[in-house]
Amino acid sequence: MLAVALHLCDQELSLREIAERLVISTGKKKGQHPSAATVMRMLRNHDERALEASDYG
């Protein structure tokens, strides 16, 4: 789901538009769309991890 979110973010879609296109594939909410807040959290966590990796690399 993160890879698709990053791809859609590169296309300059809003968080709400990205959330509408994503579908949760596992767990209790399988088949539902994530909230815009969840998408924002995913992207923020990804950015933080990428920044940490670049600091060590």
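Predicted model: local features only at pLDDT ≥ 70, side-chain atom pairs only at ≥ 80, totals over all residues.
Figure 1. The place of L22 is in the loop that joins α2 to α3, and with a relative accessible area of 2% L22 counts as buried, because buried means under 20%. The C-alpha atoms of L22 and L8 lie 9.6 Å apart in space, although these two residues are 14 residues apart in sequence.

Figure 2. Leaving aside neighbours within four places in sequence, V23 is in contact with M1, G31, Q32, H33 and P34. Between the C-alpha atoms of V23 and M1 there is a separation of 7.6 Å, and these residues are 22 residues apart along the chain.

**Figure 3. The helix α3 along its length and around its axis.** Helix α3 runs through residues 36-56, and its 21 residues should span 30 Å at 1.5 Å a residue, a value with which the 31 Å between its end C-alpha atoms agrees. Within α3, the residues V39, M42 and L43 are buried. Seen down the axis of α3, the buried residues fall within an arc of 90 degrees, so they line one face of the helix. On the other side of α3, L51, D55 and Y56 are exposed. What covers the buried residues of α3 includes α1, made of residues 2-10, and α2, made of residues 15-21.

Figure 4. In soluble globular proteins, nonpolar side chains tend to be buried together.

**Figure 5. L43 and its surroundings.** L43 is found in helix α3, and its relative accessible area of 9% makes it buried. When residues up to four places away in sequence are not counted, L43 touches L2, A5, L6, C9 and L15. The C-alpha atoms of L43 and D10 are separated by 12 Å, while the two residues are 33 residues apart along the chain.

**Figure 6. The meeting of α1 and α3.** The axes of α1 and α3 come within 10 Å and cross at roughly 90 degrees, and the two helices are therefore roughly perpendicular to each other. From α1, the residues L2, A5, L6 and C9 take part in this meeting, and from α3 the residues M42, L43 and H46.

**Figure 7. E12 and its backbone angle.** E12 lies in the loop between α1 and α2, and with a relative accessible area of 72% E12 is exposed. Phi of E12 is near 60 degrees, which is a positive value in a residue other than glycine. Most residues other than glycine have a negative phi.

**Figure 8. The chain as a whole, for placing the close-up views.** The chain holds 3 helices and 0 strands, and from the N terminus on its elements run α-α-α. Along its principal axes the C-alpha trace spans about 35 × 25 × 15 Å, and of the 57 residues of the chain, 19% count as buried. Among the contacts between residues at least 6 apart in sequence, 28% join residues that are at least 24 apart.

Key. Residues numbered from 1 in each chain as written. Heavy atoms only, no water. Helix = DSSP H or I, 4+ residues; strand = E, 2+ residues; numbered from the N terminus. Expected span 1.5 Å × (residues − 1). Buried < 20%, exposed > 50% of the residue type's maximum accessible area, 1.4 Å probe, protein only. Arc of directions from axis to C-beta. Contact = heavy atoms within 4.5 Å. Axes fitted to C-alpha atoms, helices over the stretch in contact; angles between N-to-C directions. Parallel < 35°, antiparallel > 145°, perpendicular 65-115°, else oblique.
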